[in-house]
Amino acid sequence: MTSLGVFIRGMLMGAADIVPGVSGGTVAFVTGIYETLIDSLSAFNLGALKLVFGGEFRQAWEQVNGNFLLFLGLGIATSIISLAQIVSWLLATYPVPLWAFFFGLILASALMLMRQVPAWNGPRVISLGSGALLALAVGLAPVVSLDFGMMGVFLAGFIAICAMILPGISGSFILILLGMYATVLNALTSFNLPFIGVFAVGAASGLLCFSRFLHWLLHRYHEPTLALLTGFLFGSLTIVWPWKRVVETVLDRHGELRPAQQFPVLPGEFMAVTGQDPAVVLCVALMVLGFVAVWLLDARWGRTSTTT
């Protein structure tokens, strides 16, 4: 694939990773680069280090698929830096329609990933159910706090990046559960370089460790792993369901109340509890739009990872 194609995929992944509940790993699956991404990340090993220390930089670059990772990373970074403020505004101003759009995106992604698992059998169905239950447990979990200095920032980056490369489990949502989402977003928008640096080191460490585990799973247990990832997507639909009831709130570091635990509800109950218009027609339209957008992406990029 061309460098421009990889860069665009990176921008799409970065845009998804900003939104709590939407995973960049989902976009990687939809655009046909997921296994290439995992294989490239897992290639950062002792063999690559030996090549670097031996002065064989070209061979090391080729081993880790350097061009692919470079342009993908540039796309992700460009998207995160340029869209962080816009997404923050949308989440604060139009949260329900935004969640509806991403609900359609993830539902379509789950159905497409399900088609990639051939010959469903008992173990694969169990893997599907396990992934869905795990994502459901994450989606309904209460908030914990990692707000204890730079070590907490490092751990937040380590944990969140693992979710970011899993389809269906959002790194941004994990940051919310860790009580770090607003802090990280503020650091990005204010260019707090020490904070960003520690977070990035944690993320890089988590990425190298977890990608090797995923690489092993995909190469040893390909179909069950795909079924598990499909389950993650289906289970994560509870996270991006647009109408939610807040059952617990916490004070953030600015003294503002933020949801700590939410449960999905029907539009009628949402209106009764919040007093807000559920905007059902608009939300359904946006769900359909998100669904169609994913199918168009799949038609353009999802069939192959070798061309653009």
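This is a predicted model: local features need pLDDT of at least 70, side-chain atom pairs count only at pLDDT 80 or more; totals for chains, interfaces and linings use all residues.
Phe101 is partly exposed, with 23% relative accessible area, whereas its partner in an aromatic pair, Phe102, is buried at 10%. The cut-off that separates the two is 20% relative accessible area, under which a residue counts as buried.

**Overall make-up**

The protein has 15 helices and 2 strands. Of its 308 residues, 44% count as buried. Among contacts between residues at least 6 apart in sequence, 75% join residues at least 24 apart.

**Aromatic rings**

The structure holds 8 aromatic pairs. A pair of aromatic rings is described by two values, the distance of the centres and the angle of the planes. Two of the pairs are set out here.

| Pair | Arrangement | Centre to centre | Angle between planes |
|---|---|---|---|
| Phe210 and Phe213 | tilted | 6.2 Å | 40° |

Phe210 and Phe213 both lie in helix H12 (residues 193-220), 3 residues apart, so about one helical turn separates them. An α-helix has 3.6 residues a turn, so residues three or four places apart point the same way. Phe210 is buried, with a relative accessible area of 18%, while Phe213 is partly exposed at 43%. Phe210 and Phe213 also belong to one aromatic cluster, together with Trp216 and Tyr221.

Another ring, that of Trp99, has a charged residue over its face: Lys244, at 4.4 Å from the ring centre.

**Helix H6**

Does the span of helix H6 agree or disagree with its number of residues? Helix H6 (residues 66-93) has 28 residues, which at 1.5 Å a residue should span 40 Å. The end C-alpha atoms of H6 are 39 Å apart, so the two values agree.

The buried residues of H6 are Gly66, Phe68, Leu69, Leu72, Gly75, Ser79, Ala84, Val87 and Leu91.

**Salt bridges**

The structure holds 2 salt bridges. In one of them, Glu62 is joined to Arg58, and the closest N and O atoms are 3.4 Å apart. Glu62 and Arg58 both belong to helix H5, where they sit 4 residues apart, about one turn of the helix. Both Glu62 and Arg58 are exposed.

The other salt bridge is formed by the side chains of Arg245 and Glu269, at 3.4 Å from N to O. Arg245 lies in strand E1 (residues 244-251) and Glu269 in helix H14 (residues 267-274), so this pair ties together parts that are 24 residues apart in sequence. Arg245 is partly exposed, with a relative accessibility of 29%, and Glu269 is partly exposed as well, at 37%.

Notes
Residues are numbered from 1 along each chain as its sequence is written. Side-chain values use heavy atoms; hydrogens and water are left out. Rings of Phe, Tyr and Trp (its six-membered ring) pair if their centres lie within 6.5 Å; planes under 30 degrees apart count as stacked, over 60 as edge-to-face and the rest as tilted. Buried means under 20% relative accessible area, exposed over 50%, partly exposed in between (1.4 Å probe, protein chains only). A charge sits over a ring if NZ of Lys or CZ of Arg is within 6 Å of the ring centre and within 35 degrees of the ring normal. The expected span of a helix is 1.5 Å times one less than its number of residues. A salt bridge is a side-chain nitrogen of Lys or Arg within 4 Å of a carboxyl oxygen of Asp or Glu. Contact means heavy atoms within 4.5 Å.
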